[in-house]
Amino acid sequence: MQLISLHPNDNVAVALCDLKAGQEVTLSDGRILTLLEDIDFGHKVAVRAIKQGEKVLKYGLPIGSATRDIEAGEHVHIQNMKSDYIWRPDR
Amino acid sequence: MTGYIRKDNRKGIRNVIVVTYLVECAHHVAEQIARQTDSEALPVHLIGFGGCAPNAYAQEIMERLCTHPNVGGVVIVSLGCENFLRNQLLEVVKESGREAALIVIQEEGGTQCSISKGVEAIKAMTPTVQAVPKVELHWQDLCIGTVCGGSDACSGITANPAVGRTFDRLVDAGATCIFEEPGELIGCEAMLRERGATKEVGQQLYDCIHKADVYYKKMGHDSFSQGNAEGGLTTIEEKSLGSYAKSGSRMINGLIRPGEIPPTNGLYMMDVVPDGEARWGFPNVSDTAEIVEMMASGCHTVLYTTGRGSVAGSAIAPVIKVCSNPITFEHLSEDMDINAGRIISEGATLEEIANELLKCIEQVADGQMTRSEALGHREFFLGYKEFCRK
């Protein structure tokens with residue numbers, strides 16, 4: 001297995017080995033995804049298009065938002081997503 | 001599953017005698033007593049508290065451990081001048097119906113007399129401890145904890161979510177489950193609040209994460225490192241979710257402090273971060289300290305997820321090692337009970353690993369030794385802390 005999807009609602013999957021740009025990988029639902037960039041072990045790849053401002057979902061839960069439109073097959077990391085985490089100690 | 005029923009009606013999955021020292025000065029005597037009496041038929045485990053200054057937290061944890069359902073008898077070894085409340089501990093153990101003996105080295109006349117007296121005390125209590133009645137165990141009799149240690153990039157995608165699935169199944173079957181470490185859940189507070197059984201519980205869960213955030217900042221412990229980003233983690237909430245995955249998805253019945261026994265079955269979170277000023281050092285100096293707190297709150301066994309490969313076990317309660325990384329599993333296979341790395345190497349599903357884990361818990365509860373138990377691991381650590389909440 002090259003990629004793992006941790007929840008059916010996720011829009012990213014995690015590389016289980018170092019993957020190369022141009023490589024075709026099979027998703028858990030049987031779809032074939034062509035990688036647009038190298039994806040290192042442990043890193044995330046978009047399994048469908050993610051719009052700017054849309055939540056990035058892993059474990060079925062938001063882990064931040066896209067800072068620009070992301071295409072399926074792109075590496076999802078600090079260059080195109082950001083944390084939504086704001087601590088509000090007054091609450 | 002078959003276990004042991006104690007006079008206080010608590011049910012254990014092991015039947016051990018504990019020798020505990022109440023200050024480092026009494027460590028050697030206690031260790032000799034345990035070493036000379038330990039046997040396969042009746043294991044004698046060594047635990048203890050090293051400090052001389054008094055600490056209500058350590059006192060309570062020790063009282064809980066000495067009346068743990070897996071414990072049938074206790075030999076307390078005191079030097080004599082330390083501040084630990086030895087007579088209170090003795091009374092608590094006696095009141096629970098367990099066999100108990102107190103050795104005060106300064107009163108006995110030194111090392112050798114104290115060791116002999118301790119060995120005799122264990123010989124005297126052995127028949128009673130061995131005669132403890134057996135009883136059928138059901139899931140609702142069991143309390144299961146989880147901790148993670150030596151995590152890696154695999155932990156959040158294999159072992160931790162597999163433990164989460166297992167917790168869901170255990171809670172559904174009526175067991176009690178405890179997860180912990182607010183410091184590793186920073187960013188998950190809003191979700192935790194949603195999962196509280198009541199609004200009040202939800203708010204407590206939320207507030208304890210805030211307390212952890214403040215405490216760790218004072219310790220100079222940053223929550224998100226460059227190494228995390230290199231490993232593929234992008235945000236703090238993503239990192240915490242890897243740890244959070246161990247908690248599964250069920251409603252959280254309450255927040256407990258270490259040593260507090262969950263008042264009902266179901267899922268609980270443990271707040272391991274001391275209350276008040278950050279003056280007690282790191283909330284948990286090692287994974288072993290976390291396991292000790294889990295046991296003090298009644299855990300019969302602890303699911304320990306590891307990626308880098310911890311070999312530690314524990315005194316009193318068996319530890320089930322769930323390895324997240326298939327390469328680590330191959331490398332340290334003698335120390336690992338479950339290979340959650342099969343999710344990566346063989347495409348196993350989380351459900352398959354959860355099934356394996358449930359089967360393993362059942363066998364361990366029924367007496368089968370875990371890897372760390374069979375290898376003789378009996379790590380133990382208890383330090384100083386302070387909690388205001390009762």
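Contact is taken here as heavy atoms within 4.5 Å. Helices (H or I, at least four residues) and strands (E, at least two) are DSSP runs, numbered from the N terminus. The model is predicted: local features need pLDDT of at least 70, side-chain atom pairs count only at pLDDT 80 or more, and totals for chains, interfaces and linings use all residues. Residues are numbered from 1 along each chain as its sequence is written, chains are lettered from A and ligands numbered from 1 in the order in which they are written, and side-chain values use heavy atoms, with hydrogens and water left out.

Helix α8 of chain B spans residues 199-219. Its 21 residues reach 31 Å from the first C-alpha to the last, close to the 30 Å expected at 1.5 Å a residue. The expected span is 1.5 Å times one less than the number of residues. Residues are classed as buried under 20% relative accessible area, exposed over 50% and partly exposed in between (1.4 Å probe, protein chains only). The buried residues of α8(B) include Val201(B), Leu205(B), Ile209(B), Ala212(B) and Tyr216(B). The buried residues of this helix pack against α7 (189-195), β10 (252-256) and β11 (266-270) of chain B. Gly220(B) follows α8(B), with a positive phi near 75 degrees.

The interface between the two chains involves 27 residues of chain A and 31 residues of chain B. Chain A and chain B bury about 2,300 Å² between them, 64% of it on carbon and sulfur atoms. Buried area is the accessible area (1.4 Å probe) lost by two parts on being put together, summed over both. Polar contacts across the interface number 14 residue pairs, both residues at pLDDT 80 or more. A polar contact is a pair of N or O atoms within 3.5 Å; within protein, one must be able to donate a hydrogen and the other to accept it, and residues adjacent in sequence count only if both atoms are side-chain atoms. On the side of chain A that touches chain B, β7 (61-66) and β9 (81-82) of chain A each supply at least two residues. β7(A) gives the most, with four residues.

Two salt bridges are counted between chain A and chain B. A salt bridge is a side-chain nitrogen of Lys or Arg within 4 Å of a carboxyl oxygen of Asp or Glu. Glu238(B) pairs in this way with Lys58(A), the closest N and O atoms being 2.8 Å apart.

Over all chains, the structure holds 26 salt bridges. One of them joins Glu293(B) and Lys385(B), with the closest N and O atoms 2.7 Å apart. This pair links distant parts of the chain, 92 residues apart: Glu293(B) is in helix α11 (residues 287-296), and Lys385(B) is in the segment after α15 (371-374) of chain B. Both Glu293(B) and Lys385(B) are buried. Salt bridges that share partners also join Lys44(A), Lys58(A) and Glu238(B) into one network. Arg35(B) and Glu31(B) form another salt bridge, at 2.8 Å between the closest N and O atoms. They lie four residues apart in helix α1 (residues 27-37) of chain B, and are therefore separated by about one helical turn. Arg35(B) is exposed, at 56% relative accessible area, whereas Glu31(B) is partly exposed, at 25%.

Ser310(B) lies in the loop between β12 (301-306) and β13 (319-323) of chain B. Its relative accessible area is 15%, so Ser310(B) is buried. A polar atom of its side chain lies 3.2 Å from the backbone nitrogen of Ala312(B).
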